[in-house]
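Here are some notes from my pass through the model. Have it open while you read, and go through the points in order.

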Amino acid sequence: MAKQNYDESSIRVLRKLEPIQLRPGMYTRTNDPTHIVVEAIDNAVDEAMAGYARNIEVTLHRDASVSVRDDGRGIPTGIHPEEKVPTVQVVFTVIHSGGKFAKGDADSSYKFTGGLHGVGVSVTNALSSRLEVEVRRAGKLQRMSFAEGEVIEPLSITGNCAAKDTGTAIRIWPNPKYFDSPSVSRSELEHLLRAKAMLLPGVRVTLNIETASGQDVKEWHFERGMAQYLDQMIAEDEPIAPAFCGERYLTGNDSFASGEGVQWALAWVSGSGGGESYVNLIPTLGGGTHEAGLRDTVFNSVRIFAEQHGLMQRNVKLAADDVWARLRFVLAVRMVDPSFAGQTKEKLSSREAVKLVGAAIKDTFDLWLNEHVAEATRIAEQAIRLAVARTRSSKAVERRKSSGVAVLPGKLSDAESSDNRITELFLVEGDSAGGSAKAGRDKEIQAVLPLRGKGMNSWEVERSQILANQEIHNIAVSLAIDPHTLDSALDMNELRYGKVIILADADDDGEHIKALLLTLFFRHFPQLITHGHIYIAQPPLFRVDVPAQGKGKPPRKLYALDEAELTVLEARLRQEGVREGAWQVSRFKGLGEMDAIQLWETTLCPDTRRLVRVEVGDDLHGTIGMFDNLMGKANAAYRKEQISAHGNEVEADI
Ligand SMILES: Nc1ncnc2c1ncn2[C@@H]1O[C@H](COP(=O)(O)OP(=O)(O)OP(=O)(O)O)[C@@H](O)[C@H]1O
């Protein structure tokens, strides 16, 4: 009987796992096999999270294989009702239908998985040259093995064990042909296991590393979870107030899915700050929007506390960094389908995380500050001391700058701060978008200069003539930098804003305006580019119109920065119960259609926007040539030729 199952299934098995083997990159990270091992670890973690496993043990063997062992319930071994083979075999040979959002009833419908994680352990099997699994369950020891994803030893009983002794042990031999490097990343695993131990209080996590002379053992066990982890993290650096720890999961309202929430441990120290963050138990080494949300929240609460308790000094303004600089923290966010950015995908980019963290922490933190007045005062006073020091150093710069300042253009809405390490100037197309930007900006650090229509093509204009153009004159005066060349001696401290950001519509006119401004900077203010001060804002790519939902919910206009965000946004709408097809997705066109809050969230807010820094590559002469071809009057014929030769290669943006 078992033999028959084996014969039949092995044919299907091959067919079923083939897609993974053909395109492994679509299912996992292929730089090394760490991720397929993490799939197996995640299953053990799931058993622990559900309260069944107390121990998770990972062993790195000398032959580059990895074992993952848990004392959970053991993968079921009975015959699967649909597949007609042992369930454990199904687990390893059928591609997990995944469907993070499409999982039946309301409670199980949210899967808190991250990025590529969550494709299932059949991927591990498909990409391993060998895989063995041993299950302890119902007093029996059973095992089976696979090669290249195919069953080579069907499930069989190999012995007995105590009825209480349950669990699963898997040994994985990653197949080197699918990976750039054959061995798992030890440091990544270590960090991950330590983090899992912290986030699963009471669970013992062990990492064994086999060596020539025996075995190195590392063990993590945090009875008090995150609070204990934070204690270890700050070690000698005495906190100036007791740690503030807690967790809060939301029960589902308009903007958050049920079960989304945050766990945190915060302590202010006298030394330098810093911390660790996680999303769905996955480390986010590059930080991201959840950390931004924490920064915002603690800043606002401490600032309000300081104001209400009369701690602020005249002419001193707290900035977020003053509060953040001495904070040690651990932050773990749980959210539906997070998205990640950065080369190694270690930075959380989901915009909702900023709000989620605020919603989970703010009230409790405000309460905590007011219940610990003495300690909260120490935290606020420390931040104020940093603010005073910062204000002093920027005053010094200002004093240097203030000699001979021209009158600023009337159209400029200036920033309150004059510290060019933090200030930004937005050059905005049109008065209406300029108005929204003015209303939506952070007045402290962001200035707005609206530009009227298309500017002039300055490529062939003499430097001495350039300021005759009113718009260009306004830009130069706002920046406090005169037109110059690459060789001019310039004092960049004079520059009034550290970032100069071009903000234009995503249509043809917008592109033209960007090209004209880049031409201006490249030709007449080249050092702004070479010093990295010029940026282009990236407004959202998509707009989603959601019709009114019953009485309480008016029609909504939502924006997605890119395809990934659009996918998440649509999934959330489905979760909310909006009927499929009821909403409309269109390409985002004009800045003017967003209100101030939307413009802030998508395009202005430093934590959630996207910016591209303008850089000149190594080939400066090549770039000058390119500009000459594109912007020079003599080259109109060349441009025509280019358009007819390459016009079809340009993606039409309709
Ligand atoms: N160590 C284990 N202990 C108990 N059950 C397990 C274990 N490993 C896997 N399973 C069972 O097998 C099922 C399938 O596992 P698989 O890794 O394919 O996907 P998943 O864990 O359900 O989903 P995802 O990987 O997307 O989180 C699990 O849902 C669980 O029921």
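With which side chain does the side chain of Ser-301 make a polar contact? The partner is the side chain of Asp-366, at 2.8 Å. (A polar contact here is a pair of N or O atoms within 3.5 Å; within protein, one must be able to donate a hydrogen and the other to accept it, and residues adjacent in sequence count only if both atoms are side-chain atoms.)

Before the rest, some housekeeping. This is a predicted model, where local features need pLDDT of at least 70 and side-chain atom pairs count only at pLDDT 80 or more, while totals for chains, interfaces and linings use all residues. Residues are numbered from 1 along each chain as its sequence is written, and side-chain values use heavy atoms, with hydrogens and water left out.

1. Around Ser-301. This serine sits in helix α7, residues 289–308. (Helices, H or I of at least four residues, and strands, E of at least two, are DSSP runs numbered from the N terminus.) Ser-301 counts as buried because its relative accessible area is 2%; the cut-offs are under 20% for buried, over 50% for exposed and partly exposed in between, with a 1.4 Å probe and protein chains only. Leaving out residues up to four places away in sequence, Ser-301 touches Lys-362, Phe-365, Asp-366 and Leu-369, contact meaning heavy atoms within 4.5 Å.

2. (The rule is a side-chain nitrogen of Lys or Arg within 4 Å of a carboxyl oxygen of Asp or Glu.) Both ends are partly exposed: Glu-307 at 46% and Arg-303 at 24%.

3. Salt bridges across the chain. The overall count is 32 salt bridges. One of them joins Glu-47 to Arg-73, with the closest N and O atoms 2.7 Å apart. That pair links distant parts of the chain, 26 residues apart: Glu-47 is in helix α2 (34–49), and Arg-73 is in the loop between β2 (66–70) and α3 (87–93). Glu-47 is buried at 15%, whereas Arg-73 is partly exposed at 39%.

4. Arg-136 and Asp-165 meet in a salt bridge at 2.9 Å, N to O. Here Arg-136 belongs to strand β3 (128–137) and Asp-165 to the loop between β5 and β6 (167–174), 29 residues apart. Arg-136 is buried at 9%, while Asp-165 is partly exposed at 31%. Have a look, too, at the salt-bridge network that links Arg-130, Glu-132, Arg-143 and Glu-153.

5. Strands β4 (140–147) and β5 (150–160) pair in the antiparallel sense over seven bridges; strands count as paired if DSSP finds at least two bridges between them. Leu-141 has Gly-159 in β5 as its bridge partner. Two residues lie between the strands, and Glu-148 takes a positive phi near 50° in this hairpin.

6. The five-stranded sheet. It is open, with mixed pairing and the order β17-β16-β18-β19-β23. The edges are β17 (446–451) and β23 (611–613), each pairing on one side only. Strands β16 (424–429) and β17 run parallel and are joined by six bridges, with Glu-424 standing opposite Gln-446 in β17.
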